[in-house]
Amino acid sequence: MTEHLSPYEGRKAPVARPTAPADPRGALLRAPETDTFGSGGVNALPAQARTGEQGTGTGSEHAQSSTPATEGPGSHRPRPAPEGVPTQPHPGPDAARPGTEGPAGIAGVSDVPGAPGGAERRSGRPRPPGPAAMRRDGDRLRFVGAATRRIARGIDLDEIVMGLCRATVPTFSDAILVYLRDPLPVGDERPAGPLLLRLRRTDRIPEDQDTDGGTLPALQVQSDLSSAAELCEVRVGSALAEVLRGVRPVFADAAAAFGALPELLGEGRTVPGGQRAILAPLRGRRRVIGAAVFLRRPDRHPFEADDLLVAAQLATHSALGIDKAVLYGREAYIADELQRTMLPETLPRATGVRLASRYLPAAETARVGGDWYDAIPLPGSRVALVVGDVMGHSMTSAAIMGQLRTTAQTLAGLDLPPQEVLHHLDEQAQRLGSDRMATCLYAVYDPVSHRITIANAGHPPPVLLHLGGRAEVLRVPPGAPIGVGGVDFEAVELDAPAGATLLLYTDGLVESRLRDVWTGIEQLRERLAATAQLTGPDHPPPLEALCDEVLDMLGPGDRDDDIALLAARFDGIAPSDVAYWFLEPEDATPSRARRLARSALERWGLTELNDAVELLVSEVVTNAVRYATRPITLRLLRTDVLRCEVGDDVPQLPRLRQARATDEGGRGLYLVNRLARRWGATRLSTGKVVWFELNQNG
């Protein structure tokens, strides 16, 4: 719950003015004062009394200035006053009763015969309302219109509740309390459990200084506002439950609401007497979602019957707005969850490469779109780098992006060449629909050979930042977008030197209304080169800081589309840390593999791993020799861990199973699973690779 003071920028307490003429026609000659509320800048209901004077209608602080009206034989019909908002004075000794015409009333109808809107003296029939009553009705309509517009401007729950408070204080009431259901139901879901109302926000007129340096009279219920009950359980059959079920606002002194306000505010809390408090239920599309309490000072004219209609309009518009805000919040939550599931939560720790990424939606109202990035570990310590962009940034684009990303991960697991991956993605996009278009760039980095293979499908080219600070735009065949169909994709193989950084991105980073795509690419290249100069020629810039620097190049008008950014720092694996052999599928091959592995470990100073490595290599190579028809491969990689890879030409993947006591085999993978840090098997286009990792410290 938050309590706020209503702003009083630039408002001064008006001084007393001459008393208005008694002739009702004189009201047409008195130009009413106008007032604005909040930041809306539109006419509203009368501003509230702010001085401490308790005078008569003559001394009222908001008395209308007037010029005595005289009529003579040559007088013409008075001109109506301009549309404005008359001010409301304090009730004085001669103030009219509620429902009567007088200086203190703003909405009542006079009971005095002959007065505008009063009863005919002779016939007793009601007379048509006079100009003053009609003007007051116009004031209310203008206030309700301005207040509902302010409430409707809110897009989330807090903005709508704040709009209600700022629109009513101090124009309509001196204080307001807004209670909302906890939790708020969403859409058509039926709430479970008892009806609980939680105090969401309060607003009131602050203690302020008048023009003479004195203190304005404080609202007597301010202490009760600050200590109002935070949570209220609405019991079935209680007075508060009956008021909420009735939907219509009621005065606090009405019989129906006699016990409702104490139940809502808490025992011991008091409100001003008379018709100075209104309890208005907030009903959404299907059920009551809260309540609002409007309060006025004891020294101020009380509410009138027509003010119940105003409170009803405010409550209705606020409740419907809250209903929509809750639905919008649910959709925003779904969009956030969709984004988190469509994009990788964390990037993998691949061997020989460091990764960093960024994703920015097109706007806060479109939190997810069709841009995506991915990094997929491949056999042989390689890694696939993917970035793509589905046309649009809507839920549909996000759904298509998710399907294409899943397809790309599946194809990468088959270790297909980059151009083949794009070809199958193109076929998948055509199966999704004829208008499903996307761009994609797929690259495979090999840290052992220090090479990278890139295939492009209509995507902006990547930028390579060398260790010395030189940035270049890689020349890759542009290709056609995914979804066109019948187009061949071409792959190129380029050097990927150690210490270089490859930047993959979507067109939202380099293209906007203010610049074309090639201008943006050149600016990106220059920005990377300038950033690299800051760290020197021998030290590449940190990846995270580099991503932030790249995003800083975006100006105020450069956010027209989603932005996906993937940065890869190539560390590579030194040739001295790699041992590679081809072995014939013979019975003596497992023993030879053990000797080769032991010699490599002695060369690297990892003799403490001899026993474990020899045992696991023997088991994996034995399985490969048993089924292979072509030479098998054995490779050892020394990085932060020791990795062993055994490849053969059999596509069937081994499965871990529990061997029976009478089985002679079937325990090799069980040993690998127990002794290795990690292990796995990957199917290739030419067979499979079985690998395992061991910690270097044993």
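**Exercise 1. Helices H7 and H8**

At roughly what angle do the axes of helix H7 (residues 395-413) and helix H8 (residues 418-432) cross, and within what distance do they come?

*Solution.* The model is predicted.

Step 1. The two axes come within 10 Å, and the crossing is at roughly 145°.

Step 2. The crossing of H7 past H8 is right-handed.

Step 3. On the H7 side, the contact consists of Ile400, Gln403, Leu404, Thr407, Ala408 and Leu411. On the H8 side, Val421, His424, Leu425, Gln428, Ala429 and Leu432 take part.

Step 4. Sorted by class, the contact of H7 with H8 holds eight nonpolar and four polar residues, with no charged residues.

**Exercise 2. Helices H11 and H12**

Describe the packing of helix H11 (residues 589-604) and helix H12 (residues 610-627), and state whether Ser618 is buried or exposed.

*Solution.* Step 1. The axes of H11 and H12 approach within 8 Å and cross at roughly 145°.

Step 1. The hand of this crossing is right-handed.

Step 2. H11 contributes Thr589, Pro590, Ala593, Arg594, Ala597, Arg598 and Leu601. Their counterparts in H12 are Asn610, Val613, Glu614, Val617, Ser618, Val621, Thr622 and Val625.

Step 3. The contact of H11 with H12 comprises eight nonpolar, four polar and three charged residues.

Step 4. Ser618 belongs to helix H12. Apart from neighbours within four places in sequence, Ser618 is in contact with Pro590 and Arg594.

Step 5. The relative accessible area of Ser618 is 14%. The cut-off for a buried residue is under 20%; Ser618 is therefore buried.

**Exercise 3. A sheet and a helix packed on it**

Determine the strand order of the open sheet of five strands, and identify the helix that packs on the sheet.

*Solution.* Step 1. The order is E8-E17-E16-E13-E14, and the pairing is antiparallel.

Step 1. Strand E8 (353-360) and strand E14 (471-473) are the edge strands, each of which pairs on one side only.

Step 2. On average, neighbouring strands of this sheet are turned by 20° against each other, direction ignored.

Step 3. E8 and strand E17 (residues 563-570) run antiparallel and are joined by eight bridges. In this pair, Leu360 has Ile563 of E17 as its bridge partner.

Step 4. The helix is H10 (residues 543-551), which touches E8, strand E13 (463-465), strand E16 (501-505) and E17. The direction of H10 makes about 30° with that of E8.

**Exercise 4. The surroundings of Leu240**

Which residues does Leu240 touch, not counting residues up to four places away in sequence?

*Solution.* Step 1. Leu240 is located in helix H4 (residues 239-246).

Step 1. The residues touched by Leu240 are Cys232, Val234, Ala260, Glu263, Leu264 and Leu279.

Step 2. Leu240 counts as buried because its relative accessibility is 0%.

Step 3. Between Leu240 and Ala256 there are 8.6 Å in space, C-alpha to C-alpha, and the two are 16 residues apart in sequence.

**Exercise 5. Cysteines**

How many disulfides does the structure hold, and are Cys165 and Cys547 buried or exposed?

*Solution.* Step 1. A disulfide covalently bonds the sulfur atoms of two cysteines.

Step 1. The structure holds zero disulfides.

Step 2. Cys165 has 0% relative accessibility and so counts as buried. Cys547 has 1% relative accessibility and therefore also counts as buried.

Conventions. Residues are numbered from 1 along each chain as its sequence is written. This is a predicted model: local features need pLDDT of at least 70, side-chain atom pairs count only at pLDDT 80 or more; totals for chains, interfaces and linings use all residues. Side-chain values use heavy atoms; hydrogens and water are left out. A disulfide is a pair of cysteine sulfur atoms within 2.5 Å. Buried means under 20% relative accessible area, exposed over 50%, partly exposed in between (1.4 Å probe, protein chains only). Axes are lines fitted to C-alpha atoms, for helices over the stretch in contact, and angles run from 0 to 180 degrees between N-to-C directions. Helices (H or I, at least four residues) and strands (E, at least two) are DSSP runs, numbered from the N terminus. A crossing is left-handed if the near helix is turned anticlockwise from the far one by less than a right angle, and right-handed if clockwise. Contact means heavy atoms within 4.5 Å. Ala, Val, Leu, Ile, Met, Phe, Trp, Tyr, Cys and Pro count as nonpolar, Asp, Glu, Lys and Arg as charged, and the others, Gly among them, as polar. Two strands pair if DSSP finds at least two bridges between them.
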